[in-house]
Amino acid sequence: MSNEILTVNSPYDGSLVGQVESATKIEVEQALQTAHAIFSNRKQWLSKPKRIEILERAATLITKRKVEIALQAASEGGKPLKDSIAEVERGIDGIHGCIEVLRTEGGHVIPMGLNATSANRVAFTQYEPIGVVVAVSAFNHPFNLIVHQVVPAIAVSAPVIVKPARNTPLSCKTLVDILYEAGLPEGWAQMVLPTSNEIITSMVADPRVGFFTFIGSANVGWMLRSKLAPGARCALEHGGVAPVIIAHDADLDDALPRIARGGFWHAGQACVGVQRIFCHSSIAEEVASRLGALGDAMVVGNPSRNVD
């Protein structure tokens, strides 16, 4: 293992939250070898009933430990505990969503018997895993984002290697550990924290990777996408610009508290948070003044104790 230990500190007061080991180039290569070996052997693919069973158990375990997991996320990420609890609940819902897709969606029957060539023939499509999945995630929702990237891979029987944000890796490790506790065979979900950006880039660009999922800045996401091996597919989430439009006759008493909440929530570190406001010139100064006052009135403190 790497001799480099990554220390995770609270963004609130700098206190130690936990420690994880970084991964060297050799260890990342081992992770790729493990994932590719699993995918290359169809006998190791997980049956649909097995996948459903694992995900149902994982959802149950997370539900039982919801507050504990949320407290960890709040401690390493800085989001208020109340919001972290909501994040964990959303993660649980995401797992149930994957189970629902497994139960209700499949391939398609292709119409045949339309001419002499297709007479007395049957044609259909059937879903199969795309290959090894590599996930690179962000810090602002350290549990739910990992659920969004890792659980769908497991749901379709694709081994996954996940690289969480270096300042919030503990929530990722917790989810991976829970998946194994729920019955996921060894090697199907691997967390790595490469010691350099060059190792991350080489991991993403590896020809054994079938799918790349990324959550983070546009510059990094597009750069990594440009490095993908031919045939690899990807999904990039870069957030948004989240504008709000306020008309001249808007009910400001109703709108502004909600806009302030949307803009200041999680210190603005949310892709769906309010990031731009367009309002009529006749109310622009009033909107700016009242939003400033609402911001000044907000309480800043220990996120792990903020449950109101």
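1. Two strands are said to pair if DSSP finds at least two bridges between them. With that in mind, this predicted model contains an open sheet of five strands, which follow one another in the order S7-S6-S5-S8-S9 and pair in parallel. Strand S7 (189-191) and strand S9 (233-237) stand at the edges and have a single partner strand each, so one side of each is left without a neighbour in the sheet. From one strand to the next, the twist averages 15 degrees.

2. Strand S8, which covers residues 209-215, runs parallel to S9 and is joined to it by five bridges. If you look for Phe 211, you will find that its bridge partner in S9 is Arg 233.

3. Two helices can be described together with the sheet. Helix H5 (residues 144-155) lies across strand S5 (132-136), strand S6 (160-163), S7 and S8, and its direction is at about 170 degrees to S6. Helix H6 (residues 170-181) also packs on the sheet, where it touches S6 and S7, and its direction makes about 155 degrees with that of S7.

4. For the chain as a whole, the model has ten helices and eleven strands, and its C-alpha atoms fill a box of roughly 70 × 60 × 40 Å when this is taken along the principal axes. Of the 308 residues in the chain, 42% are buried. Among contacts with a separation of 6 or more, residues 24 or more positions apart account for 70%. The chain exposes about 16,300 Å², and carbon and sulfur atoms supply 54% of that area.

5. The structure holds 14 salt bridges, and one of them is formed by the side chains of Glu 181 and Arg 65, at 2.6 Å from N to O. This pair links distant parts of the chain, since Glu 181 belongs to helix H6 while Arg 65 sits in the loop between helix H2 (48-64) and helix H3 (66-77), 116 residues apart. Glu 181 counts as partly exposed at 46% relative accessibility, and Arg 65 counts as partly exposed at 26%.

6. A second salt bridge brings together the side chains of Glu 89 and Lys 66, at 2.9 Å from N to O. Because Glu 89 lies in helix H4 and Lys 66 in helix H3, the pair ties together parts that are 23 residues apart in sequence. Glu 89 is partly exposed, with a relative accessibility of 38%, and Lys 66 is partly exposed, with 23%.

7. Elsewhere, salt bridges that share partners join Glu 29, Asp 206 and Arg 208 into one network.

8. Is Asp 206 buried or exposed? Its relative accessible area is 12%, and because buried means under 20%, Asp 206 is counted as buried. Asp 206 lies in the loop between helix H7 (197-205) and S8, and, leaving aside neighbours within four places in sequence, it is in contact with Leu 32 and Ala 229.

9. Not counting residues up to four places away in sequence, Ser 84 touches Ala 70, Ala 73, Ala 74 and Lys 79.

10. Asn 120 has a phi near 60 degrees, a positive value in a residue other than glycine; it is found in the loop between strand S3 (109-110) and S4, and it is exposed, with a relative accessible area of 84%. His 266 has a phi near 55 degrees, again a positive value in a residue other than glycine; it lies in the loop between helix H9 (252-264) and strand S11 (276-279), but it is buried, at 9% relative accessible area.

11. Finally, on the surface, Val 109, Val 122 and Phe 124 form a nonpolar patch with about 370 Å² of accessible area together. Phe 124, which belongs to strand S4 (residues 123-124), is exposed, with a relative accessible area of 55%.

Conventions
Residues numbered from 1 in each chain as written. Predicted model: local features only at pLDDT ≥ 70, side-chain atom pairs only at ≥ 80, totals over all residues. Heavy atoms only, no water. Helix = DSSP H or I, 4+ residues; strand = E, 2+ residues; numbered from the N terminus. Axes fitted to C-alpha atoms, helices over the stretch in contact; angles between N-to-C directions. Contact = heavy atoms within 4.5 Å. Patch = residues over 30% accessible without salt bridge, like charges linked within 9 Å, V, L, I, M, F, W, Y side chains within 5 Å. Areas by Shrake-Rupley, 256 points an atom, 1.4 Å probe, with all protein chains shown as cover. Salt bridge = Lys/Arg side-chain N within 4 Å of Asp/Glu carboxyl O. Buried < 20%, exposed > 50% of the residue type's maximum accessible area, 1.4 Å probe, protein only.
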